[in-house]
Amino acid sequence: MSLSTPSLRVVLYEGSGAQPLESADRYAAMSALLEKGYAVTRSAADRPVSPADRSPLLVLGRFDGHVPEVAESDVPLRFHDITGLAPAQLGDVVETTRSETGAAKHGEWKPWFPVIDYDRCTNCMQCLSFCLFGVYGVDTEKRIQVQNNDNCKTNCPACSRVCPEAAIMFPKYKAGPINGDVVSESDLQKEKMKVDISALLGGDVYEMLRLRSEKAKSRFSKERDSDKALAERQKCLVKLAQAGDIPPEVLMSLPSPAEIARRAGEAAAKAKAALEAQP
Amino acid sequence: MTDPQPRILYCHCQYAQVVPKEVKDGVLRKLCDSGVAFEAVADLCEMSARRDPALQRLAAEGTVKIAACFPRAVKWLFHQAGAPLPITAAEVLNMRVQSADEVAAAILSPELSPNLPVGKVTAKDAPLAEESAIRNPQSAIS
């Protein structure tokens, strides 16, 4: 399955030919489907809803056994009678249709990825230079963009902390301005300070990581008490994690120092090339 | 002929706990009680990552009111999905900071108060993700 796999669209139909739902039943049905990851349209005459596109469409309604026949349709279209079905059973009905139509499956990936605020971004390429995981790239006009959002490490907001303009958001982050809240002058000063801190640590966070890792290795070889050495290494990682709010599991899953250096070099080269190509 | 009422979009923010449950459930309940037409999505972030065509449908036609999170985040989530919202035709209610009553009252009101941030560039000017760069989110599962 790929990102371009269309999602199943569910319509809760209560118009002509179907019995309306009590509002409590409507709420229970909507909640059950949303919690399974589906998009649900509740249609009514008071205002428009989005028109159909090529996505598969499932129309649920209390048709009392008189399910409408599917007329010729450009999109996979199905009707299902939900008379007497409990909300929990709706999920099964929709899941069956999703599977049969080959529509996208939801809920297996936490959507965690950076979102660039181009009102603030100055195209400085610090994020491209910083990210080890190839999340960022440039378009044909050498402007920064998020290209591989699925490469991003869940719950890690580190790149947003190196952005001098607070232009990188993670909408599911706990606090502002990274979560999309308005950026204040004091936020900007904090962001600048963070960059300065990384400069104080050697100008390159990955170089710092590499050195820490080498020091830890050296300690491992000298220490007889491996538990003590491990504790020291963990202490270093916890410090680093706290400074950038990087989840420990992300730090623990970093590749070898040599691989970090290689990726950091690659990212820096990409950023340099993009900066040089700017008018 | 009168203009149609703004369309309504509700985001359930399913894959994170950053929107208080009592707020998102309260807004959904009031929408269901009202009997109006609306579109509910499990998670706008996920749809943006997928570049779900539904976002283009939502951004393309008429006015829209969105119950989700911070307007700045919503503006650029749509943009990153290749579906920039019209600055003057979209109002975002923020369920991270507003109460369920405030959000429901605003979203059911016929008046539209556009509140997307207007910055130094327009959404139209900013670069969009390239189709070729779209990758499989499942590869991130480990």
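Chain A's secondary structure comes to 9 helices and 8 strands. Keep in mind that this is a predicted model.

**Exercise 1: A pair of helices**

Describe how helix α1 (residues 23-35) and helix α2 (residues 87-101) of chain A pack.

*Solution.* Step one is to know what to look for. Two packed helices are described by the angle between their axes and the distance between the axes.

Step two is to read off both values. The axes of α1(A) and α2(A) lie 8 Å apart, at an angle of about 45 degrees. Because of that angle, α1(A) is oblique to α2(A). Their crossing is right-handed.

Step three is to find the residues that touch. From α1(A) come A28(A), A29(A), A32(A) and L33(A), while α2(A) brings P87(A), A88(A), L90(A), G91(A) and V94(A). Sort these contact residues and you get 8 nonpolar, 1 polar and no charged.

**Exercise 2: One buried isoleucine**

Find the strand in which I144(A) lies, then explain why I144(A) counts as buried.

*Solution.* First, locate I144(A): it's in strand β7 (residues 144-146) of chain A. Next, count neighbours. The cut-off for buried is 20 or more other C-beta atoms within 10 Å. I144(A) has 24 C-beta neighbours inside 10 Å, so I144(A) counts as buried.

Now see who those contacts involve. Leaving out residues up to four places away in sequence, I144(A) touches I116(A), C121(A), N123(A), M125(A), C127(A), L128(A), Y136(A) and V138(A). Take C127(A) from that list: along the chain, C127(A) and I144(A) are 17 residues apart, with 8.7 Å between their C-alpha atoms.

**Exercise 3: A sheet across two chains**

Trace the open sheet of 8 strands and say how β2 of chain A is joined to β2(B).

*Solution.* Walk along the strands in order: β4(A)-β3(A)-β1(A)-β2(A)-β2(B)-β1(B)-β3(B)-β4(B), with mixed pairing. At the edges sit β4 (77-81) of chain A and β4 (90-94) of chain B, each pairing on one side only. On average, neighbouring strands are turned by 20 degrees against each other, direction ignored. Helix α1(B) packs on this sheet and touches β1 (7-11), β2 and β3 (64-68) of chain B; its direction makes about 145 degrees with that of β1(B).

Then zoom in on where the chains join. Strand β2 (residues 39-42) of chain A and β2(B) run antiparallel and are joined by 3 bridges. Here R42(A) stands opposite F38(B).

**Exercise 4: The side of chain B that touches chain A**

Say how many residues each chain puts into the contact, and which element of chain B gives the largest share of its side.

*Solution.* Count by chain: 56 residues come from chain B and 61 from chain A. On chain B's side, α1 (21-34), β2 (38-41), α2 (44-50), α3 (53-60) and α4 (71-80) each supply at least two residues. The largest share, 5 residues, comes from α4(B). By type, chain B's side divides into 32 nonpolar, 10 polar and 14 charged.

Finish with a look at α3(B), where P53(B), A54(B), L55(B), L58(B) and A59(B) are buried. Just after α3(B), G62(B) takes a positive phi of about 65 degrees.

Terms used: Residues are numbered from 1 along each chain as its sequence is written. Chains are lettered from A and ligands numbered from 1 in the order in which they are written. This is a predicted model: local features need pLDDT of at least 70, side-chain atom pairs count only at pLDDT 80 or more; totals for chains, interfaces and linings use all residues. Axes are lines fitted to C-alpha atoms, for helices over the stretch in contact, and angles run from 0 to 180 degrees between N-to-C directions. Helices (H or I, at least four residues) and strands (E, at least two) are DSSP runs, numbered from the N terminus. Angles under 35 degrees count as roughly parallel, over 145 as roughly antiparallel, 65 to 115 as roughly perpendicular and the rest as oblique. A crossing is left-handed if the near helix is turned anticlockwise from the far one by less than a right angle, and right-handed if clockwise. Two residues are in contact if their C-beta atoms, placed from the backbone, lie within 7 Å. Ala, Val, Leu, Ile, Met, Phe, Trp, Tyr, Cys and Pro count as nonpolar, Asp, Glu, Lys and Arg as charged, and the others, Gly among them, as polar. Two strands pair if DSSP finds at least two bridges between them. A residue is buried if 20 or more other C-beta atoms lie within 10 Å of its own, exposed if 12 or fewer, and partly exposed in between; C-beta atoms are placed from the backbone.
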